[in-house]
Amino acid sequence: MLSDADAIASILESTSEVRSVADRGHVANVTILCKNLERGLETETSTVFVAAVDGDRAVGYCAVHWTPFLFLKGGEAYVTELFVHPQHRGQGIGSKLLDQVEDEARKRGCARLSLLNGKESEAYDRGFYKTRDWVERDLMANFILQVKDCLLYTSDAADEEDSV
């Protein structure tokens with residue numbers, strides 16, 4: 001999985017939805033990805049599915065987190081990232097990655113899958129999730145609180161993390 005960090009960084013850097021990632025620079029992105037992949041692989045609460053063309057370089061990936069909910073019959077599979085390199089979009093790669101997530105969610109007894117999708121993204125414009133029977137929730141708001149001084153979000157994160 002760590003061997004895919006370079007390709008995943010390239011996927012993110014080519015995606016207009018996360019321009020701030022490209023601004024950090026490739027070396028910093030690979031460093032951050034490696035550290036996050038190591039953290040995620042230490043537990044069974046996160047999974048990263050990677051799609052490669054002809055068994056070669058990764059062209060898409062999906063990160064999912066398995067979250068318990070006290071009020072649901074089963075937990076929730078929360079998709080935090082689903083990206084396909086622009087040169088490989090429209091080939092069913094994103095759909096196959098979501099199919100893998102759904103299969104794993106069934107095996108784990110999850111009651112539902114969820115994700116956030118930017119309303120200005122290409123996937124939202126195309127109705128990518130709606131055509132796959134995902135339902136947009138009208139009554140829910142999405143809130144975030146940026147954690148200040150988090151090394152993973154600074155422009156020179158690779159240098160700072162190496163010096164810690």
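This is a predicted model: local features need pLDDT of at least 70, side-chain atom pairs count only at pLDDT 80 or more; totals for chains, interfaces and linings use all residues.
Visitor: How many helices and strands are in the protein chain?
Guide: The protein chain has six helices and four strands. In sequence order, these elements follow the pattern α-α-α-β-β-β-α-β-α-α.

Visitor: And how many aromatic pairs does the structure hold?
Guide: There are four aromatic pairs in the structure. One of them joins F69 and F71, whose ring centres are 5.3 Å apart.

Visitor: Why is that pair of F69 and F71 edge-to-face?
Guide: The planes of the F69 and F71 rings stand at 90°. An angle over 60 degrees counts as edge-to-face, so the pair is given that description.

Visitor: Is F69 buried, exposed or partly exposed, and what is its relative accessible area?
Guide: F69 is partly exposed, at a relative accessible area of 25%.

Visitor: What sits over the ring of F69?
Guide: The charged end of R112 does, at 5.0 Å from the centre of the F69 ring.

Visitor: Which aromatic pair does W134 form with a tyrosine?
Guide: W134 pairs edge-to-face with Y129; the centres are 5.8 Å apart and the planes make an angle of 65°. Y129 is buried, with a relative accessible area of 11%. Ring pairs also bring in F128, linking F128, Y129 and W134 into a cluster.

Visitor: Turning to the whole chain, what share of the residues counts as buried?
Guide: Of its 164 residues, 36% count as buried. The accessible surface of the protein chain is about 10,700 Å², and carbon and sulfur atoms account for 52% of that surface.

Notes:
Residues are numbered from 1 along each chain as its sequence is written. Side-chain values use heavy atoms; hydrogens and water are left out. Rings of Phe, Tyr and Trp (its six-membered ring) pair if their centres lie within 6.5 Å; planes under 30 degrees apart count as stacked, over 60 as edge-to-face and the rest as tilted. Buried means under 20% relative accessible area, exposed over 50%, partly exposed in between (1.4 Å probe, protein chains only). A charge sits over a ring if NZ of Lys or CZ of Arg is within 6 Å of the ring centre and within 35 degrees of the ring normal. Helices (H or I, at least four residues) and strands (E, at least two) are DSSP runs, numbered from the N terminus. Accessible areas come from the Shrake-Rupley method with a 1.4 Å probe; for residues, only the protein chains shown count as cover.
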